[in-house]
Amino acid sequence: ITAEYDEIYAISSYQSEILKLEDDNEKNLFKFISSSSSISVNNDNILLSFSSQDQCYTALYTQNGKELKRYNGYYEGSFIDDDIALLRFDDTKIYLDILNKKTFYLGQSVSASNLINLDNKATFLFEDENGQAIAIADDSIYLYRIPKEIKISSINSNNETISVSYTFNTD
């Protein structure tokens with residue numbers, strides 16, 4: 001699920017459709033074939049990321065389902081202002097690509113997920129041997145470490161404010 005201004009967009013895995021929720025009404029935008037893992041919306045375009053055992057890619061669509069471009073090998077994507085940020089897994093290495101601008105090497109044997117736009121910067125959950133962090137890409141990657149007793153399951157943003165879903169472990 002994601003929001004763009006006053007509109008909410010969601011992936012319906014059950015129906016294999018992209019839904020737009022507006023004025024208490026549900027509008028089916030288009031159907032998709034593969035299982036989708038993330039959605040990002042910017043104006044009239046939608047980025048959908050697909051992952052399976054055989055392939056992973058992020059594709060750019062119009063709101064009526066016309067595929068404009070496919071980014072093979074990228075497991076997650078998000079609009080960042082007028083740019084597109086994409087996460088890719090290459091062997092055991094993770095990279096963040098801001099298309100036509102910059103590539104960040106995130107590390108080996110790390111995880112990166114929940115790519116979102118926060119203050120027009122690529123922001124995502126990062127995890128390595130030191131634990132979880134919220135990572136923000138600017139000129140370099142800045143890590144904001146999460147205390148060990150907190151486990152974040154997802155993050156989202158309206159570009160100005162970040163929302164976090166987490167559990168708290170007292171053990």
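How many of the 171 residues of the chain count as buried, as a percentage? The figure is 44%, where buried means under 20% relative accessible area, exposed over 50% and partly exposed in between (1.4 Å probe, protein chains only).

Before going on, some ground rules. This is a predicted model, so local features need pLDDT of at least 70 and side-chain atom pairs count only at pLDDT 80 or more, while totals for chains, interfaces and linings use all residues. Residues are numbered from 1 along each chain as its sequence is written, and side-chain values use heavy atoms, with hydrogens and water left out.

**The whole chain**

The chain has 18 strands and 0 helices; both are DSSP runs numbered from the N terminus, with helices being H or I of at least four residues and strands E of at least two. Its accessible surface comes to about 10,000 Å², and carbon and sulfur atoms own 44% of that (Shrake-Rupley method, 1.4 Å probe; for residues, only the protein chains shown count as cover). Take the contacts (heavy atoms within 4.5 Å) with a separation of 6 or more: residues 24 or more positions apart account for 28% of them.

**Strand pairs**

| Strand pair | Bridges | Residues between the strands | Opposite residues |
|---|---|---|---|
| Strand 6 and strand 7 | 7 bridges | 4 residues | F50 and Y57 |
| Strand 7 and strand 8 | 5 bridges | 4 residues | T58 and Y71 |
| Strand 17 and strand 18 | 7 bridges | 4 residues | I155 and V164 |

Strand 7 (residues 56-62) pairs with strand 6 (residues 45-51) and also with strand 8 (residues 67-72). Strand 7 is mostly covered, with 6 of its 7 residues buried. In the turn between strand 7 and strand 8, G65 has a positive phi of about 95°.

Further along, strand 17 (residues 150-157) runs antiparallel to strand 18 (residues 162-168). I150 has F168 in strand 18 as its bridge partner. N159, in the hairpin of these strands, takes a positive phi near 85°.

**A look at L47**

L47 sits in strand 6. Is L47 buried or exposed? L47 is buried, because its relative accessible area is 1%. Leaving aside residues up to four places away in sequence, L47 touches S38, I39, S40, T58, A59, L60, Y71, G77, S78, F79 and I84. I84 lies 37 residues from L47 in sequence, yet the two C-alpha atoms are 8.9 Å apart.

**The second largest pocket**

Rolling a probe the size of a water molecule over the atoms shows where empty space is left. A pocket here is an open set of points on a 1 Å grid over the protein atoms alone, where a 1.4 Å probe fits, with protein on both sides within 12 Å along at least five of seven lines; lining residues have an atom within 4 Å of a point. The second largest pocket holds about 210 Å³ of space, a volume being the space filled by probe spheres set on the points, which are joined across faces, edges and corners.

Its lining is made up of I80, D83, I98, K101, K102, F104, N120, K121, A122, A137, D138 and D139. Strand 12 (102-108) and strand 14 (121-128) are the elements that give two or more residues to that lining. By class, the lining has 6 charged, 5 nonpolar and 1 polar residues (Asp, Glu, Lys and Arg count as charged; Ala, Val, Leu, Ile, Met, Phe, Trp, Tyr, Cys and Pro as nonpolar; the others, Gly among them, as polar).

Terms used. Pairing = 2+ DSSP bridges.
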